[in-house]
Amino acid sequence: MYPLGKTIYQSFTDQEFLSLTPTKWVGLQNYRELWHDTLFRNSIWETIKFTLITVAFEFVLGLVIALVVNSSFKGRGAMRAIMLVPWAIPTVVAAQMWKWMLDDTFGVINDLMMKIHLISHPHAWIASPGTALGAVAAVDIWKTTPFVALLLLAGLQVIPQDLYEAARVDGANVLQQFWKITLPLLKPAILVTLIFRTLDALRVFDVFYVFFGNRPDTETMAIYDQSTIVGDGHVGYGAAVSVVIFLIIAIFVVIYVTASRVTGENT
Amino acid sequence: MSTAAEAVRPIARPVSRVRRLRKNRYGRVLVRMPFYVLIAAIAVYCLFPFYWVVRSSFTPEVNLFQTPIQYFPKHPTLANYRGALSANFFTDALLNSAIVAGSVTLLSLAIGSSAAFALGRFRFHGRSFVLYLVLSMTIFPQIAILGALYTTITTLNLYDTLGALIFSYLIFTLPFTIWVLTSFMRTLPGDLEEAAYVDGATPLQVFWKVLLPLIAPGLVTTGLLAFISAWNEYLYALSFIQSPNHYTVPLAITSFVSNTGSAFAVPWGQIMAATVIITLPLIVLVLVLQRRIIAGLTAGAVKG
């Protein structure tokens with residue numbers, strides 16, 4: 001807790017790293033500057049876009065995978081082990097793997113997509129601004145979807161089977177069973193998963209940094225903050241950025257919790 | 001429910017055709033077909049990137065940078081592995097990461113289990129307050145305390161040392177460890193402990209001889225999760241480490257540059273060989289302890 005308090009304190013000062021002038025209390029100065037900081041505003045927007053894309057894909061794909069793996073078949077244990085593997089490797093390593101696969105001339109993704117005639121000529125996925133965000137999102141989706149699926153799978157397995165029996169006896173088809181039984185009962189697991197993933201996505205750093213370094217048009221909030229503090233040594237200003245990031249994340253948590261309460265009352 | 005059932009009946013009819021198919025042996029395979037295709041697709045999606053890493057690590061540099069792409073190396077070679085292992089900063093990084101992740105794991109388990117002993121087995125004022133404080137610490141993002149940590153670490157003269165990383169990683173592994181181990185401690189029945197006290201055991205003996213063996217599964221899970229998160233961490237390593245001989249694995253994997261200085265600026269073959277070296281132990285660990293990890297993760301998620 002101490003570092004968090006210290007960060008909040010620093011955000012009201014003009015502290016500079018290794019500076020000779022003593023640190024002064026500057027009140028809300030940092031926050032006023034931050035309000036007009038277009039680079040930071042872009043980074044917020046970039047991060048939120050990334051969050052929406054990845055969380056949506058990971059949730060839908062993860063749910064499908066969880067439903068598939070939940071039915072009994074041979075090799076289900078092996079399947080679960082396979083799904084855990086992308087989660088365990090370092091994000092930086094995953095980013096490097098994909099950077100190589102997405103390489104514009106020697107990458108396998110271009111080659112595969114040309115073979116099935118999805119694209120007519122190789123793309124520079126990472127370099128061109130139009131596809132850069134999609135490229136990083138693809139890495140995150142690959143790395144975390146199986147993990148999301150595992151969390152949802154754990155939720156699926158506590159749903160009692162006789163509910164489905166009863167529904168079948170009453171003549172409910174598979175879709176109805178899904179909407180009326182699976183989804184409502186899975187809601188706690190879904191909520192936890194979504195909160196976890198959103199928090200993670202909002203503080204994304206590794207993948208973006210490996211792919212783009214400090215390229216200004218693809219900075220996330222965390223990268224902007226890190227380069228402000230460590231790169232430029234503006235500790236006070238960076239602390240203000242940290243506090244704002246913290247608040248943005250808190251807002252998302254509040255939205256989730258209230259949304260779940262509202263829908264909880266309706267059902 | 002009867003009204004709902006009546007409304008449903010007309011839609012339910014196609015199901016019976018599927019059922020008829022199921023009676024027939026070939027029909028059964030036919031019905032299950034799309035399902036297995038889906039399973040295979042999921043497996044390929046998860047595993048193909050790994051295949052590509054392995055393939056690239058055994059492909060000679062010349063063949064890596066030429067089109068058309070070879071999907072299987074025609075002249076497999078170990079040159080990339082030799083290259084990666086002869087890079088000093090990479091072998092140093094393996095050692096550094098082992099030191100950092102190992103100490104973080106041991107320290108979190110030692111501190112975490114004694115804290116869990118206090119929080120889980122004794123009643124005292126403000127216990128639930130402490131627990132919620134610990135829980136709230138697991139939520140705030142690493143980036144939020146970067147500035148404060150940065151200045152703290154420089155005043156402690158830890159900048160560019162492995163100590164800086166151990167210190168900062170503990171801030172994140174400890175709350176999680178304490179939280180999970182406390183919930184483990186709480187589920188244990190009190191009788192065993194009481195029996196031990198009646199026999200004249202001291203609290204310390206109870207902790208060592210009775211409670212620790214009982215929460216061993218929890219120790220394995222949380223220890224492994226702490227190890228993985230310390231092994232994989234990048235943001236703090238990037239910020240607090242400068243000299244290449246103090247690099248950790250994630251820093252090292254992004255630092256390979258071609259020593260030939262030729263047109264191929266990035267030696268992808270070596271990077272992929274290094275990737276195999278880094279991921280192999282993790283994969284083995286994960287496969288062996290698969291069940292434990294899933295249990296630990298879902299426990300953390302459901303209770304957290």
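Tutor: Gladly! Let's begin with the idea of a contact: two residues are in contact if their C-beta atoms, placed from the backbone, lie within 7 Å. Keep in mind that this is a predicted model.

Student: Which residues in α8(B) meet residues in α11(B)?

Tutor: From α8(B) come B:Tyr169, B:Phe172, B:Thr173, B:Phe176, B:Thr177, B:Val180, B:Leu181 and B:Phe184. They meet B:Gly218, B:Thr222, B:Ala226, B:Ser229 and B:Ala230 in α11(B). Sorted by class, the residues of this contact are eight nonpolar, five polar and no charged.

Student: At roughly what angle do the axes of the two helices cross?

Tutor: Angles over 145 degrees count as roughly antiparallel. Here the axes of α8 (residues 162–187) and α11 (residues 216–232) of chain B come within 10 Å and cross at roughly 165 degrees. α8(B) and α11(B) are therefore roughly antiparallel to each other.

Student: Is the crossing of α8(B) and α11(B) left-handed or right-handed?

Tutor: That crossing is right-handed.

Student: How many helices and strands are there in chain B?

Tutor: Chain B has 15 helices and zero strands. Of its 304 residues, 34% are buried.

Student: How many residues of chain A are in contact with chain B?

Tutor: On the chain A side there are 59 residues, in contact with 64 residues of chain B. Helix α4 (residues 76–88) of chain A gives the most to that side, with nine residues. By class, the chain A side has 42 nonpolar, 10 polar and seven charged residues.

Notes:
Residues are numbered from 1 along each chain as its sequence is written. Chains are lettered from A and ligands numbered from 1 in the order in which they are written. This is a predicted model: local features need pLDDT of at least 70, side-chain atom pairs count only at pLDDT 80 or more; totals for chains, interfaces and linings use all residues. Axes are lines fitted to C-alpha atoms, for helices over the stretch in contact, and angles run from 0 to 180 degrees between N-to-C directions. Helices (H or I, at least four residues) and strands (E, at least two) are DSSP runs, numbered from the N terminus. Angles under 35 degrees count as roughly parallel, over 145 as roughly antiparallel, 65 to 115 as roughly perpendicular and the rest as oblique. A crossing is left-handed if the near helix is turned anticlockwise from the far one by less than a right angle, and right-handed if clockwise. Ala, Val, Leu, Ile, Met, Phe, Trp, Tyr, Cys and Pro count as nonpolar, Asp, Glu, Lys and Arg as charged, and the others, Gly among them, as polar. A residue is buried if 20 or more other C-beta atoms lie within 10 Å of its own, exposed if 12 or fewer, and partly exposed in between; C-beta atoms are placed from the backbone.
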